[in-house]
Amino acid sequence: MFSLRNGKTDDMSAPRTARERVKDEVTSEILAAARAHLAREGAAALSLRSIARDLGMAPSALYRYFSSRDALLSALILGAYGALADQAEHASEAAYAREDGAMARWVAVPRAMRSWARGHPHEWGLIFGSPVPGYEAPTETITPYTRLAQALVRPIIEAHEHGSLELSAPSSSASPGTAPLARAVQPVTDGLLPGLPTVAVAQALEAFATLIGIISLELFGHWRNTVLEPEVLFEATISHLASSTGVCP
């Protein structure tokens with residue numbers, strides 16, 4: 001059995017030593033304190049010294065666990081991405097295990113994303129909000145990010161494999177089927193949706209961007225006095241996306 005921890009693959013079958021257990025416990029305490037700071041002050045104000053003070057630790061002791069503020073931010077981001085991907089995958093697996101129809105399988109992951117975001121608004125903001133000045137996210141985020149995307153596009157891939165994916169015909173020479181767009185989305189085509197036409201890849205990306213946007217608008221209060229029932233709008237949006245992606249024409 002293997003797990004991804006801090007971007008590394010570890011063999012979890014070996015028993016942990018007492019020192020490793022203590023290290024894991026202290027690391028969890030540090031991350032919990034960091035999440036509390038994140039909620040109060042935002043990611044840009046995150047400080048190892050202030051966290052050490054809250055925990056009653058000497059700053060030098062905390063640096064044995066996280067070498068810098070950026071290292072701590074990376075751990076928070078990886079943890080948030082991983083937790084969101086876990087929830088998305090669980091929702092997808094549950095929908096498929098129930099042998100639900102195409103629409104039910106499609107809406108499972110968007111609903112899971114919104115549910116997780118509402119329960120973890122500051123962590124959602126950390127991964128999908130404004131970048132922290134001077135900080136560059138580690139490449140390890142690609143793994144949980146890809147897991148989330150794979151869970152979302154699973155019904156699209158399935159519909160394509162079964163020959164039931166129905167896409168709107170391109171309406172002009174500037175349509176998503178043009179060569180420039182094909183080049184633009186080539187990494188997604190190759191890594192996530194191999195064999196799908198460019199229009200399908202573009203519409204999958206549009207669906208992902210739409211979901212991130214509508215969840216963020218609700219979460220950060222931008223619908224106040226504009227949308228009285230955000231959940232109703234969200235359900236209408238994911239239903240529309242099922243059609244635009246060709247999953248449920």
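Helices here are DSSP runs of H or I with at least four residues, strands are runs of E with at least two, and both are numbered from the N terminus. Bear in mind that this is a predicted model: local features need pLDDT of at least 70 and side-chain atom pairs count only at pLDDT 80 or more, while totals for chains, interfaces and linings use all residues. Numbering runs from 1 along each chain as its sequence is written, and side-chain values use heavy atoms, with hydrogens and water left out.

Now step back and select residues 198-219, which is helix 10. Its 22 residues reach 32 Å from first C-alpha to last, close to the expected 32 Å (1.5 Å times one less than the number of residues).

Zoom out for the whole protein. The C-alpha trace spans about 65 × 50 × 40 Å along its principal axes. Of the 249 residues, 41% are buried (under 20% relative accessible area with a 1.4 Å probe, protein chains only; over 50% is exposed, and in between is partly exposed).

Next, show side chains for L72, W106, M113 and W124. Of the 64 residues in the largest nonpolar core, these touch the most other members. A nonpolar core here is a set of buried Ala, Val, Leu, Ile, Met, Phe, Trp, Tyr and Cys residues joined through side-chain atoms within 4.5 Å. Helix 4 gives the most to this core, with 10 residues.

Which residues does W106 contact, leaving aside neighbours within four places in sequence? Pick it and you'll find L152, P155, I156, A207, I238, L241, A242, T245 and V247, where contact means heavy atoms within 4.5 Å.

While you're there, select E158 in helix 7. Is E158 buried or exposed? It counts as buried because its relative accessible area is 18%. Beyond residues up to four places away in sequence, E158 touches Y96 and R105.

Last stop: select G42, A43, H122, G125 and L126, which lie nearest the centre of the second largest pocket among its 15 lining residues. Helix 6 (residues 121-128) gives the most to that lining, with 4 residues. By class, the lining holds 10 nonpolar, 5 polar and no charged residues.

Key: On a 1 Å grid over the protein atoms alone, a cavity is a set of points where a 1.4 Å probe fits but cannot get out, and a pocket is an open set with protein on both sides within 12 Å along at least five of seven lines; lining residues have an atom within 4 Å of a point. Ala, Val, Leu, Ile, Met, Phe, Trp, Tyr, Cys and Pro count as nonpolar, Asp, Glu, Lys and Arg as charged, and the others, Gly among them, as polar.
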